[in-house]
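Here are my notes on this one, written as numbered points. Have the model open while you read.

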Amino acid sequence: MNTTLKLKGQKLLQWAVQNPKKFFTYSMILLSVSFIGSLIQGVFFPSKTAFKIRPPVLYSASEMSQDPSLNNDKKMGKIISELKTLKIKRDDHALEKEDSLRIDYLFNQYQKLKNGH
């Protein structure tokens, strides 16, 4: 079977070399019919899975998508100002248990923002 396919292929190639105009004409007809067939299929029978990939959102109203470094700087500034008020409270010896928990939380948030996590 393999040899018969090889022989038929050689005969077809030999015919294409001997008749280039006919080969070109048949090839163009085949390509045109294939192209028109795929156009008809695409227009009248569209695929259900076409365009499932959503493009990324470039412009958004959220603050995070505008400039993350500027947003992080604002958050870090708020954390630092709150830690300063807690430091003043510590110097007055007026810290409570909730304040120490808040200090730990703010410090962890500051480290996350600083390291970029």
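1. Ground rules first: helices (H or I, at least four residues) and strands (E, at least two) are DSSP runs, numbered from the N terminus. This is a predicted model, where local features need pLDDT of at least 70 and side-chain atom pairs count only at pLDDT 80 or more, while totals for chains, interfaces and linings use all residues. Residues are numbered from 1 along each chain as its sequence is written, and side-chain values use heavy atoms, with hydrogens and water left out.

2. Reading from the N terminus, the order is α-α-α-α-α.

3. How much of the chain is buried? Of its 117 residues, 9% count as buried, meaning under 20% relative accessible area, with exposed being over 50% and partly exposed in between (1.4 Å probe, protein chains only). The chain exposes about 11000 Å², and 64% of that comes from carbon and sulfur atoms; the areas are from the Shrake-Rupley method with a 1.4 Å probe, and for residues only the protein chains shown count as cover.

4. From first C-alpha to last, α1 reaches 24 Å, close to the 24 Å expected at 1.5 Å a residue (the expected span is 1.5 Å times one less than the number of residues).

5. Now the aromatics. A search of the whole structure turns up 1 aromatic pair. The ring centres of W15 and Y26 sit 6.0 Å apart with planes at 10 degrees, so the pair is stacked. For the cut-offs, rings of Phe, Tyr and Trp (its six-membered ring) pair if their centres lie within 6.5 Å; planes under 30 degrees apart are stacked, over 60 edge-to-face, and the rest tilted. The pair links distant parts of the chain, with W15 in α1 (residues 2–18) and Y26 in α2 (residues 20–44), 11 residues apart. W15 itself is partly exposed, because its relative accessibility is 29%.

6. Which residues make up the largest nonpolar core? There are 6: M76, I79, L86, L106, Y110 and L113. A core here is a set of buried Ala, Val, Leu, Ile, Met, Phe, Trp, Tyr and Cys residues joined through side-chain atoms within 4.5 Å. The elements giving two or more residues to this core are α4 (68–91) and α5 (97–115). Leaving aside residues up to four places away in sequence, I79 touches L106, Q109, Y110 and L113, where contact means heavy atoms within 4.5 Å.

7. Is D99 buried or exposed? D99 lies in helix α5, and it counts as buried because its relative accessibility is 10%. Its contacts, not counting residues up to four places away in sequence, are L86, K89 and A94.

8. D91, in helix α4, is partly exposed at 43% relative accessibility. A polar contact of 3.3 Å joins the side chains of D91 and R90.

Key
A polar contact is a pair of N or O atoms within 3.5 Å; within protein, one must be able to donate a hydrogen and the other to accept it, and residues adjacent in sequence count only if both atoms are side-chain atoms.
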